[in-house]
Amino acid sequence: MKKLISVIAALIMCASLTACNSSSNKFAGLQLLTEDVDRGSIRDLEELEQKCDIAFVGEYMDDGVQETNSMYMEQFDTDFVTSVSTTASVKVTRVLLGDINVGDEVKVKLRYGIVKDQLITSTALTPMQKGDEWVFFLNLSMDGTFYWHCYDSDGRYPTKNSPGNEIMPLAESPELGVYHKEDFNEKIYNELVEKYDI
């Protein structure tokens, strides 16, 4: 009987830990610090396809690895963050254009990161979270080691299969992948759905 009670208690504890993990969010409780976003503008899907190097449907394989650069300021006796970025792996599940194949892993970088109790970002796009599925329009970096989103928030869109994308508590439109709805290019999204049935 004691053994049965121990097993039941262990199962309850595992279930409660799983529930806590699924409902927790590493962005909850953070302050959002937004820096200027220099994104330019794209007229339509045709122009976006011409400007990007590759386009595909893909899923984040991880939450990304953060890189933070800082500089020590002697007069203040502290380090100041000069730049922050996060790079994540994305698995290609459907190719739209470009020299890539289904199953390829693509390194994607966004300018954001967590520093102390702040999410510092200089992109209109919400953070990359493992398991989220999006349509990507990307450009290769100058050193050829990773990709940037083409024209920032014009370079990523939700799919029909992405209502499960992680909730982002600091964004008013997390289902669209942006902090603010006005940064979502609805015209291009509608053209994308019509052309590719995504």
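## Contacts and overall build

Take the contacts in the chain with a separation of 6 or more: 69% of them join residues 24 or more positions apart. Keep in mind that this is a predicted model. The chain has 198 residues, and 40% of them count as buried. Its accessible surface comes to about 11500 Å², with 52% of that belonging to carbon and sulfur atoms.

As for secondary structure, there are three helices and ten strands. Reading from the N terminus, the order is α-β-α-β-β-β-β-β-β-β-β-β-α.

## The nonpolar core

In soluble globular proteins, nonpolar side chains tend to be buried together. Here, the largest nonpolar core has 41 residues. Those with the most contacts inside this core are Phe-56, Val-106, Val-135, Phe-137, Leu-138, Tyr-157 and Leu-192. Two or more residues each come from helix 2 (45-51), strand 2 (54-60), strand 4, strand 5, strand 8 and helix 3 (186-196).

## A buried glycine

Now for Gly-113, which is found in strand 6 (residues 112-115). Is Gly-113 buried or exposed? Gly-113 counts as buried because its relative accessible area is 0%, with the cut-off at under 20%.

Gly-113 and Thr-68 are 45 residues apart along the chain, yet their C-alpha atoms are separated by 7.6 Å. With neighbours within four places in sequence left aside, the contacts of Gly-113 are Gln-66, Val-84, Thr-86, Gln-118, Leu-119 and Ile-120.

The largest pocket has a volume of about 300 Å³. It is lined by 15 residues, and the closest to its centre are Asp-38, Arg-111, Trp-148, His-149 and Asp-152. Strand 5 (105-110), strand 8 (133-140) and strand 9 (147-149) each put at least two residues into that lining. Sorted by class, the lining of the largest pocket has six charged, five nonpolar and four polar residues.

The second largest pocket comes in at about 210 Å³. Which of its 14 lining residues are the closest to its centre? They are Thr-82, Ser-83, Val-84, Ser-85 and Arg-111. Arg-111 therefore turns up in both of these lists. Strand 3 (65-73), strand 4 (78-97) and strand 7 (118-121) each supply at least two residues of this second lining, and strand 4 gives the largest share, five residues. By class, the lining of the second largest pocket has six polar, four nonpolar and four charged residues.

Rolling a probe the size of a water molecule over the atoms shows where empty space is left. How many cavities of 30 Å³ or more does the count give? The count comes to one, and the largest cavity has a volume of about 40 Å³.

The lining of the largest cavity consists of Thr-126, Pro-127, Gln-129, Asp-132, Trp-134, Arg-156, Glu-166, Met-168 and Pro-174. That makes four nonpolar, two polar and three charged residues.

Methods
Residues are numbered from 1 along each chain as its sequence is written. This is a predicted model: local features need pLDDT of at least 70, side-chain atom pairs count only at pLDDT 80 or more; totals for chains, interfaces and linings use all residues. Side-chain values use heavy atoms; hydrogens and water are left out. On a 1 Å grid over the protein atoms alone, a cavity is a set of points where a 1.4 Å probe fits but cannot get out, and a pocket is an open set with protein on both sides within 12 Å along at least five of seven lines; lining residues have an atom within 4 Å of a point. Grid points are joined across faces, edges and corners, and a volume is the space filled by probe spheres set on the points. Helices (H or I, at least four residues) and strands (E, at least two) are DSSP runs, numbered from the N terminus. Ala, Val, Leu, Ile, Met, Phe, Trp, Tyr, Cys and Pro count as nonpolar, Asp, Glu, Lys and Arg as charged, and the others, Gly among them, as polar. Buried means under 20% relative accessible area, exposed over 50%, partly exposed in between (1.4 Å probe, protein chains only). Contact means heavy atoms within 4.5 Å. Accessible areas come from the Shrake-Rupley method with a 1.4 Å probe; for residues, only the protein chains shown count as cover. A nonpolar core is a set of buried Ala, Val, Leu, Ile, Met, Phe, Trp, Tyr and Cys residues joined through side-chain atoms within 4.5 Å.
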